[in-house]
Amino acid sequence: MAAIPDAWKWFNEARYGLFIHWGAYARFGRGEQVLFREHLDQNDYARAARQWRPARFDAPAWAELARRDGFRYAILTSRHHDGFCLWDTQTTKYNSAAQAAGRDFVGEYVEAFRAAGLRVGLYYSLADWRIPAYWDGPSKDQRGWERFRDSVHTQVKELLSQYGKIDVIWF
């Protein structure tokens, strides 16, 4: 078995991390799978996501709570399966910065958790339930799949280049 590179050893040693599953689906109050599990209308869901404006999001307060309670790192959902992005991506206007919230939640999170001395990570769903090519795959919709794949690659590159060092990326 190969040795764990020194740059990765911190993760096993940290032992205690916080996974923050949070996004526009919070508006519904029934979990991140609400769109799929309840067979919600995609257009209605998208309208609600675009109008989502979480006034009480307070990244420094979350970070302080995590630090105080002994967490060593945190991982925030940057995009879940619903496709709504929590940063100002250039790939779509379906994101928190371009819509009603007008905020880059990923940026606020990264800044606050770093300031609290915690390592930062991002969860990024490789699925996007809005995109037919995601369901069809490359054998049924090669061009659609290529557009989808290119968008995923671009979004991951944005997340890994716009916020300084990201300690963990979780797919």
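This is a predicted model: local features need pLDDT of at least 70, side-chain atom pairs count only at pLDDT 80 or more; totals for chains, interfaces and linings use all residues.
Four strands make up an open sheet, arranged in the order 1-2-3-4 with parallel pairing. Strand 1 (17-20) and strand 4 (168-170) are the edge strands, each pairing on one side only. From one strand to the next, the twist averages 20°. In general, the strands of a sheet pair through backbone hydrogen bonds, in either a parallel or an antiparallel manner. Here, strand 3 (residues 119-124) and strand 4 run parallel and are joined by three bridges. Within this pair of strands, Gly 121 is found opposite Val 168 of strand 4. The sheet also has a helix packed on it: helix 7 (residues 142-161) touches strand 2 (73-79), strand 3 and strand 4. The direction of helix 7 makes about 170° with that of strand 3.

Turning to the helix pair, helix 4 (residues 59-68) and helix 5 (residues 105-115) have axes that come within 8 Å and cross at roughly 40°. On the helix 4 side, the contact is made by Ala 59, Pro 60, Trp 62, Ala 63 and Ala 66, while helix 5 contributes Glu 108, Tyr 109, Ala 112 and Phe 113.

Lastly, the charged side chains deserve a look. Side chains of opposite charge can pair when their charged atoms come close. Across the whole structure, a search finds 11 salt bridges. Among them is the one between Arg 47 and Asp 44, whose closest N and O atoms are 2.6 Å apart. Both Arg 47 and Asp 44 belong to helix 3 (residues 42-51), where three residues, about one turn of the helix, separate them.

Notes. Residues are numbered from 1 along each chain as its sequence is written. Side-chain values use heavy atoms; hydrogens and water are left out. Axes are lines fitted to C-alpha atoms, for helices over the stretch in contact, and angles run from 0 to 180 degrees between N-to-C directions. Helices (H or I, at least four residues) and strands (E, at least two) are DSSP runs, numbered from the N terminus. Contact means heavy atoms within 4.5 Å. Two strands pair if DSSP finds at least two bridges between them. A salt bridge is a side-chain nitrogen of Lys or Arg within 4 Å of a carboxyl oxygen of Asp or Glu.
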